[in-house]
Amino acid sequence: MNTANLTIAPPKEIVDIAENAMTSKASTPLSKSFVLAIAAGAYIAFGFVFYTTTQVGAAAIPTGVAKLLGGMAFSVGLIMVVMTGADLFTSTTMSLMAKAGGKITWGRLFSHWVVVWVGNFVGSLLIVFICYFGNLQGNMKGQWGAVVTATATAKLSHAPLQNFVLGIGCNLLVCLAVWMAFAGKTVADKVLGIVGPIALFVASGFEHSVANMFMLPYGLLLDYGHGPLTIANLFLVNLIPVTLGNIVGGGIMHGMVYWWVHKK
């Protein structure tokens, strides 16, 4: 079939596009990957800044509507990542396809993952400090900061196993959003492909490791030691289980499944 005139890439072609993109990212010099990862962490953090703003005063509208609005606002973060070519850990888990295709080694795969994860954390913390010292938490008579604290507390109130499972669900949707962006051939195609799955995951309460690298440290800065808001819980209860879940959901259950179906 001639696919040249199709407005989107067909499924088998998306696998080739995705595998080539993941190979390129994993083969980038680690110093450059680190810089691109800092950018991605910052963009996702800005998405959560936008989400937070939409949730101030949201008690006045139906909860589902408020969550939908917040999810659509958060999707701006991934749109910026995709459009700029920044390197986001959650979507980079799909570089398992590049390993399966024999294009990178295990050592290269894991070193790239570590560098991107750390870079995303650095970028997220950069935006935390910008927001904190810019006193965004004082906006709207302190309600903005109250949303941050409440959101962080809720995330750390889950059991580690629950966060692991929520991390799987999240990255199934995030990688689907990136996959649909790969299918698009125009900016509008890519944006529309991203918004739906991202709004779905945020509105439903799934867990994204990089987004949490912003919200949890910010919550700790504002209300450290109250309830579950501790550094130990940040890593042991949330970030580590969620990261592992993100790898399973995005790298294995999404990327590898489609690679096996169309390439194996």
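What share of the contacts in the chain with a separation of 6 or more comes from residues 24 or more positions apart? Such residues account for 85% of these contacts, a contact being heavy atoms within 4.5 Å. The structure is a predicted model, in which local features need pLDDT of at least 70 and side-chain atom pairs count only at pLDDT 80 or more, while totals for chains, interfaces and linings use all residues. Residues are numbered from 1 along each chain as its sequence is written, and side-chain values use heavy atoms, with hydrogens and water left out.

The chain contains eleven helices and zero strands (DSSP runs numbered from the N terminus, with H or I of at least four residues for helices and E of at least two for strands). The radius of gyration of the chain, 18 Å, is close to the 18 Å given by the globule rule for 264 residues, so the chain is as compact as a globular protein of that length. This radius is taken over C-alpha atoms, and the rule is 2.2 Å times the number of residues to the power 0.38.

Of the 264 residues, 51% are buried, meaning under 20% relative accessible area with a 1.4 Å probe, protein chains only. Leaving aside residues up to four places away in sequence, F214 touches A45, F48, V49, S124, I127, V128 and C131.

Note on methods. Buried means under 20% relative accessible area, exposed over 50%, partly exposed in between (1.4 Å probe, protein chains only).
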